[in-house]
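Please read the following report with the sequence and the structure at hand.

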Amino acid sequence: MQKLALDDEILLSIEKPERYIGREVNSVVKNKADVSIRFAMCFPDVYEIGMSHLGIQILYDMFNRMDDVWCERVYSPWPDLDHIMRDRNIPLFALESQDPIRDFDFLGITIQYEMCYANILQILDLSQIPLHAEDRGEDDPIVIGGGPCTYNPEPIADFFDMFYIGEGETVYPQLFALYRKKKNGEISRREFLRQAAGIEGIYVPQFYQASYNEDGTLASFTRTDPTVPEKITKQIAMDLDSAPYPDKPVVPYIQATQDRVVLEIMRGCIRGCRFCQAGMIYRPQREKSAERMEQQAEKMLRSTGYDEISLSSLSSSDYSQLNELLTFLIEYCDAHGVNISLPSLRIDAFSLDVMNKVQDIKKSSLTFAAEAGSQRMRDVINKGITEDEIMNGALQAFRGGWNKVKFYFMLGLPGEHEEDVLEIAHLCERVAECYYDNIPKEKRNGKISITASSSFFVPKPFTPFQWAPMDRPEVYLDKAHSVKDEVRRQLNQKSIRYTYHDAWVSILEGVFARGDRRISRVIETAYRNGALFDAWTEYFDRERWEKAFASCGLDPYFYTARTRETDELLPWDFIDCGVSRKFLVREWERAKAGVTTPNCRAQCSGCGCRGYGGGICYENKS
Amino acid sequence: MRIRVKFTKTGPLKFIGHLDVMRYFQKAIRRADIPAALSEGFSPHMIMSFAQPLGVGKTSSGEYFDLDLKEGAIFDREDFLRRLNAEMADGISCVNAVEIPSNKKNKGMSQVAAASYVVSFRKGRVQWNSLKPEEMDVNKQKPSAQVVAFMTQEHIMVLRKTKKSEEETDIRPWIMDFQALTLTPAQLAEHPQNVEADPQAFSMLVSAKSGQNLKPELLIKTFASYAGLEIPESAVLVHRMDLYAESENESGANVH
């Protein structure tokens, strides 16, 4: 058994020492002498969050199936341990071997949300790896980033040796083969990076440079080495049935956020909501067969001992074999005492019937991701749900015994007027009235309870709204207050609870989402001044970030509040994520005109992803 | 049918908290395909009951839980242990399983009457006295002699924290046995890998009844102040040896 990296007394002095000792069921321990590549896979947030991430479990399993690769995990030490490690100069270590990260060949960091950027620096710093890729030596690990935020990697480009744009299943074997040459001493680190840049989907920032116009916009983005490609093309796995999937996911001792078996049913989404980055960058929609998932569900439940399973996808209701899969799962889980946790399904007769079978309706609430209050705004954002559908779904749910409803909305959407904003309150009121008008007193299961919450819309790269301005925080807050006041003016105001998210975290997210390379200085400055765990409200400090912007001479609103012209050179334009710029421009124009676009199953809109040669684009359309 | 399982918890798994150990066993039982009975309703769960929680950081060679098996299930001790142990992580091991009557009295938690512990100390943290037992002043005698003197007291009053307040309690009746001992090199090696301990240690058998649960740390602290020893809390290492039920238990199956 490996010795623990942390001293017994340190472990006893910190919160939840289980986060740092590894040894979980199904974690993989190999003999160091038997492997040539050691890969540390990192989720830069606390253990319980990181362990809930499906992508790492998939890659962990895939890498460890390779005989000469040993993949281990590492997460952000919580601030209590962070202080101790800094004070005593203890290097950050991987969970399985408890060996220092700096001795690894690769440090892979999955970047799922912008607010973890300071934590990335913490990981590098505690690992005693130079923060800037250009300062790293032959023996430092290759730091590689992946995940949705890497579709605009520029704000963190300086900190990474390379980014993997797309799904990890495809080009790692090629990258590892090349790395063995470096490890054997055949090629230098720099030569390795240069050649790696030639592998499809791999972006090596140090071979590219940006220049800026006087107004601060990007003037040019060019290669500094003629051998690296001009465009980086997203990599995806086309046949999900044959793609690797863990039979034995690692089971944490401590309760993780996602404490269950997760069955991925498809990737991508047919809907084309204009605000949604995932709906664009994971195109085309690709499904797994129900048969394959039935096997996987059984295997994973047996190997983990979990008593709960949940489905993962962007829009499970669009999965074509949902009925078959759920019929199997309900029967299997019933026989084995396993709970099924349902992802957000569109509320209709079918989904209500399923929920009725698997949930205690008295306790459960129904969620409507309406996103906008008025039909006009829902058309602008192409959220394919009508007021009729919402009201019908709610009515059927009420008749089925539900009386708790949750609504998610966004504020600050492009082209939003006051009446759109107030419609949030009106929609909630109409749903409440629908309950009291249609459900006779004797059949009511208590009062109706409606919870509505608004988040602050953040425009993301590779969406039709990538050119849109983001509201200033005071405008967003004014809108939130108007909704709140309007809710108070409704007849059923006592049944409606309205909450809204903080404005400043979203502004920062907006800067990082569409920022350029200059933003890396702001991130580093804020980190040096103590920024860490910014995704956690108790640690987020707005002033620290404002000061960092000021000291770097950058204006956050240049990145968020400005309307970009469609001919502006954008920092992420060198990435080809499948959807074409032409398509995005077209969608932006249609949004401004309030015209909806049909989903991929109804009609192809020529987004450009047909070129990937599979998925929904080639599904037999009736 | 109700099965009582005895297990050990050692090494790094001492950092796994009580609730997580419960969740760990629920998963292990599922993996081992043991026919556990499930409760009715929308979220069925196993019918399990754990004896006294062991604090994070403590090791044990005598932990217990009771598990109800499905009606009609066949219990084969060897097979049960083999299957369950095949699913154990390094550091937790099931050492025995016996069938017990499944009546209300047999709920692990409420039945525990006493617990035995060995308390040792991180190396070099405590300055032990080394004078001969003939010395009259108890403060200067060897721990072994000091323990004897300590135990001759009729009352041992301590301030004890309860859920609501602090109160003066006589813990003497709760101490059934208390002795100094010297650990052999083999016993010293049984400590978790990154822990080095002094040979000077103590064994104790103390009450673990509900409301009369004497924590080993409190006994050591009380003894230290009696014997004029300075024992920092962080130096104390606790290993639970076993748990005991009342001997006149009508079921005949005591916790042991």
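## A pair of crossing helices

Helix α13(A) passes helix α14(A) in a right-handed crossing, where right-handed means that the near helix is turned clockwise from the far one by less than a right angle, and left-handed that it is turned anticlockwise. Helices in this report are DSSP runs of H or I with at least four residues, strands are runs of E with at least two, and both are numbered from the N terminus. The axes of α13 (residues 387-399) and α14 (residues 418-438) of chain A come within 10 Å and cross at roughly 40°, which makes α13(A) oblique to α14(A). Such axes are lines fitted to C-alpha atoms, for helices over the stretch in contact, and angles run from 0 to 180 degrees between N-to-C directions; angles under 35 degrees count as roughly parallel, over 145 as roughly antiparallel, 65 to 115 as roughly perpendicular and the rest as oblique.

At this crossing, Met391(A), Ala394(A), Leu395(A) and Phe398(A) of α13(A) meet Arg430(A), Val431(A), Cys434(A), Tyr435(A) and Asn438(A) of α14(A). Two residues are in contact if their C-beta atoms, placed from the backbone, lie within 7 Å.

## The model and its chain A

This is a predicted model, in which local features need pLDDT of at least 70 and side-chain atom pairs count only at pLDDT 80 or more, while totals for chains, interfaces and linings use all residues. Residues are numbered from 1 along each chain as its sequence is written, and chains are lettered from A and ligands numbered from 1 in the order in which they are written.

The secondary structure of chain A comprises 20 helices and 19 strands, and its C-alpha trace spans about 75 × 65 × 55 Å along the principal axes. For 622 residues, a compact globule would have a radius of gyration near 25 Å, and chain A agrees with this at 25 Å; the radius is taken over C-alpha atoms, and the globule rule is 2.2 Å times the number of residues to the power 0.38. Among the contacts in chain A with a separation of 6 or more, 77% are between residues 24 or more positions apart.

## The parallel four-stranded sheet

One open sheet of chain A has four strands in the order β15-β16-β17-β18, with parallel pairing. Its edge strands are β15 (366-371) and β18 (496-500) of chain A, each of which pairs on one side only, and neighbouring strands are turned by 20° against each other on average, direction ignored. Two strands pair if DSSP finds at least two bridges between them.

Four bridges join β15(A) to β16(A), and here Thr367(A) stands opposite Lys406(A). Between β16(A) and β17(A) there are eight bridges, and Lys406(A) has Thr451(A) as its bridge partner in β17(A). Strand β17 (residues 449-456) of chain A pairs with β18(A) over five bridges, with Ala452(A) and Tyr498(A) as bridge partners. Helix α15 (residues 473-488) of chain A packs on this sheet, where it touches β16 (404-411), β17 and β18 of chain A, and its direction makes about 175° with that of β18(A).

## The mixed six-stranded sheet

Another open sheet of chain A has six strands in the order β2-β1-β3-β4-β5-β6, and its pairing is mixed. Strands β2 (69-75) and β6 (202-203) of chain A stand at the edges with a single partner strand each, so one side of each is left without a neighbour in the sheet. Strand β1 (residues 37-43) of chain A runs parallel to β2(A) and is joined to it by seven bridges; Ile37(A) has Val69(A) as its bridge partner, and Arg38(A) stands opposite Trp70(A).

A residue is buried if 20 or more other C-beta atoms lie within 10 Å of its own, exposed if 12 or fewer, and partly exposed in between, with C-beta atoms placed from the backbone. Both faces are covered, with Val69(A), Cys71(A), Arg73(A) and Tyr75(A) on one side and Trp70(A), Glu72(A) and Val74(A) on the other. Helix α3 (residues 54-64) of chain A lies across β1, β2 and β3 (106-110) of chain A and runs at about 155° to β2(A).

## The contact with chain B

In chain A, 27 residues are in contact with 24 residues of chain B. Helices α1 (8-13) and α9 (290-304) of chain A each supply at least two residues of the side that touches chain B, and the largest share, four residues, comes from α1(A).
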